[in-house]
Amino acid sequence: MTNDQVDQGFWALHNGLSQAQLMYMDLRDAGDAANAAKAQSRMTALQGQVDSLLSKQLADWQAGAETLIPQLTALSNQAQQAVTSVSQDVSIAQNIVSALGVLDQLIAAGARFLS
Amino acid sequence: MIDKLLKTKKARSALPTVLAILLAGCAAPNPQPFQEYAAAVKEAGDSLDQVLLENTTWSKDEFEQLQMTSTNTVRLQDSVLLDESAPFTVQFPGKQEPMFYKLQDARSTLLAMNDAAEKYVDLLVTLAGSELVSTNTFASMAKDTESDLNSIVSTLNVKVPSGNAIPLFSVASSEILQLVIENKREKALVRILNESQPSVEGYCQKCIQLLEILDESLITDYRVKAMALIDTFDHIAPAERATSPAARQALENLLQLNSDYLALENSMREAKGVYEKLPQGHQDLLKTAESQPTGLAGIEALYQQAQRVKSLYNELNSASSSDAKKG
């Protein structure tokens with residue numbers, strides 16, 4: 001059953017339940033105790049079905065969400081690795097530039113003797 | 001000799017320009033859309049959590065209402081959690097576990113899911129951020145060396161044509177390395193954003209699904225609360241209602257219930273709108289990372305909508321807490 005079908009089922013049950021509840025109150029207020037009891041019993045049955053359907057939907061949702069969490073965690077790990085890698089590259093670049101800076105200084109010092 | 005040296009340095013100084021052409025489009029990404037996107041994910045996640053909490057309260061009210069008004073025999077021992085069949089596994093003893101327990105349980109899953117999603121978008125912000133590959137860091141690296149060298153030049157009294165800066169290995173290399181790192185960062189961002197798209201879509205779909213379930217749960221709880229108030233009102237004879245405090249109270253409570261319900265529905269609809277737009281926003285981030293022209297207005301709108309959801313929930317929260325104070 002698709003989610004849309006489950007949703008349609010829920011709204012059908014919900015509307016039925018509301019009707020049953022209004023009918024129960026009308027019958028009770030009209031003094032028709034026998035039919036009010038019947039309406040109330042329908043109401044209880046429908047309420048049980050609504051609760052079961054909601055519980056099932058929530059359980060299905062939770063099962064699906066539980067499988068998604070490791071996927072999302074894997075994405076974070078991947079992004080973390082990229083951040084670490086770029087940070088390391090920046091450190092390496094700093095070392096390279098420092099080393100080349102020393103070379104520059106040597107060249108400048110050499111230039112003094114060669115000029 | 002110096003002239004000769006400058007000639008070769010001139011050639012060297014052209015290298016960053018050549019590399020800049022080769023690595024065209026590798027400028028640092030614009031961090032703002034990433035920050036706004038992360039804020040939208042966080043606000044939407046927090047709002048969904050709050051609606052779940054609110055829903056749990058309504059569901060608990062419904063459970064209590066049904067227990068207290070049921071004409072069937074209610075056995076309170078059916079609500080006592082004594083059945084622990086294995087360590088850390090408590091079973092609800094009654095026929096069916098009440099919905100509010102399930103909602104509480106679902107919350108732990110939602111929090112874990114939101115936490116993972118927020119961590120991911122926060123890392124995107126870091127990866128795209130100006131702090132990670134700071135132009136200032138690179139500029140200061142080169143500047144330090146340059147000033148060192150200038151001091152040597154002046155100490156050694158090397159004659160340099162006035163107005164000509166000496167191009168340096170270190171200056172050139174810092175520029176090149178920055179471009180290379182930017183290139184690597186762009187590639188990493190593009191790869192991650194591409195690979196994450198299905199999971200982000202899955203996450204948003206799950207959040208929308210939860211909102212739909214909560215909407216159904218909410219109307220169920222609303223119905224029970226509303227019907228109880230109608231029942232109270234109906235039990236008072238029409239002629240007595242004008243002077244009956246109970247009738248007035250029932251009416252006021254119903255109007256307040258309607259107002260709370262409508263506010264909650266409104267904020268849930270807005271939250272759903274945010275989750276519907278988040279996947280497209282993620283696509284827009286990809287375009288930003290690829291330096292493609294993109295409608296950043298979409299991310300800005302997403303951010304604004306998430307802020308609206310946040311303020312709606314803040315209003316709801318303050319209303320709930322003032323209701324609680326009123327008792």
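Me: Glu43(B), buried or exposed?
Reply: Glu43(B) is buried, with a relative accessible area of 12%. Buried means under 20% relative accessible area, exposed means over 50%, and partly exposed is in between (1.4 Å probe, protein chains only).

Me: Before I go on, what kind of model is this?
Reply: This is a predicted model, where local features need pLDDT of at least 70, side-chain atom pairs count only at pLDDT 80 or more, and totals for chains, interfaces and linings use all residues. Residues are numbered from 1 along each chain as its sequence is written, chains are lettered from A and ligands numbered from 1 in the order in which they are written, and side-chain values use heavy atoms, with hydrogens and water left out.

Me: OK, back to Glu43(B). Which residue does Glu43(B) form a salt bridge with?
Reply: The partner is Lys310(B), and the closest N and O atoms are 3.6 Å apart. A salt bridge here is a side-chain nitrogen of Lys or Arg within 4 Å of a carboxyl oxygen of Asp or Glu.

Me: How many salt bridges over all chains?
Reply: The count comes to 13 by this rule.

Me: What does Asp231(B) pair with?
Reply: Asp231(B) meets Arg28(A) in a salt bridge, at 2.5 Å from N to O. Asp231(B) lies in helix H5 of chain B and Arg28(A) in helix H1 (residues 3–29) of chain A, so this pair joins two chains.

Me: What else does Arg28(A) meet in a salt bridge?
Reply: The side chain of Arg28(A) also meets that of Asp29(A), at 3.3 Å from N to O. Arg28(A) is partly exposed at a relative accessible area of 23%, and Asp29(A) is partly exposed at 47%. Salt bridges that share partners join Arg28(A), Asp29(A) and Asp231(B) into one network.

Me: Switching to chain A. How many helices and strands?
Reply: Chain A has two helices and zero strands.

Me: What is its radius of gyration?
Reply: Chain A has 36 Å, while a compact globule of 115 residues would have a value near 13 Å. The radius is taken over C-alpha atoms, and the globule rule is 2.2 Å times the number of residues to the power 0.38. Along its principal axes, the C-alpha trace of chain A spans about 120 × 25 × 15 Å.

Me: What share of chain A is buried?
Reply: Of its 115 residues, 40% count as buried.

Me: Which residues form the nonpolar patch?
Reply: Val102(A), Leu103(A) and Leu106(A) form it on the surface, with about 270 Å² of accessible area together. Patches are made of residues with over 30% relative accessible area and no salt bridge; like charges are joined within 9 Å, and nonpolar side chains (Val, Leu, Ile, Met, Phe, Trp, Tyr) within 5 Å. Areas come from the Shrake-Rupley method with a 1.4 Å probe, and for residues only the protein chains shown count as cover.

Me: Where is Leu106(A)?
Reply: Leu106(A) is in helix H2 (residues 33–114) of chain A. Leu106(A) counts as exposed, because its relative accessibility is 56%.

Me: Now chain B. What elements does it have?
Reply: Chain B has eight helices and two strands. From the N terminus on, they run α-α-β-β-α-α-α-α-α-α. Buried residues make up 44% of the 327 residues in chain B.

Me: Where does Ser291(B) lie?
Reply: Ser291(B) lies in the loop between helix H7 (245–289) and H8 of chain B. Ser291(B) is partly exposed, with a relative accessible area of 45%. From Ser291(B) to Ala228(B) is 63 residues in sequence and 59 Å in space, C-alpha to C-alpha.

Me: And Gln307(B), where is that?
Reply: Gln307(B) is in helix H8 of chain B, and at 26% relative accessibility Gln307(B) counts as partly exposed. Gln307(B) and Leu110(B) are 197 residues apart in sequence and 20 Å apart in space, C-alpha to C-alpha.

Methods: Helix = DSSP H or I, 4+ residues; strand = E, 2+ residues; numbered from the N terminus.
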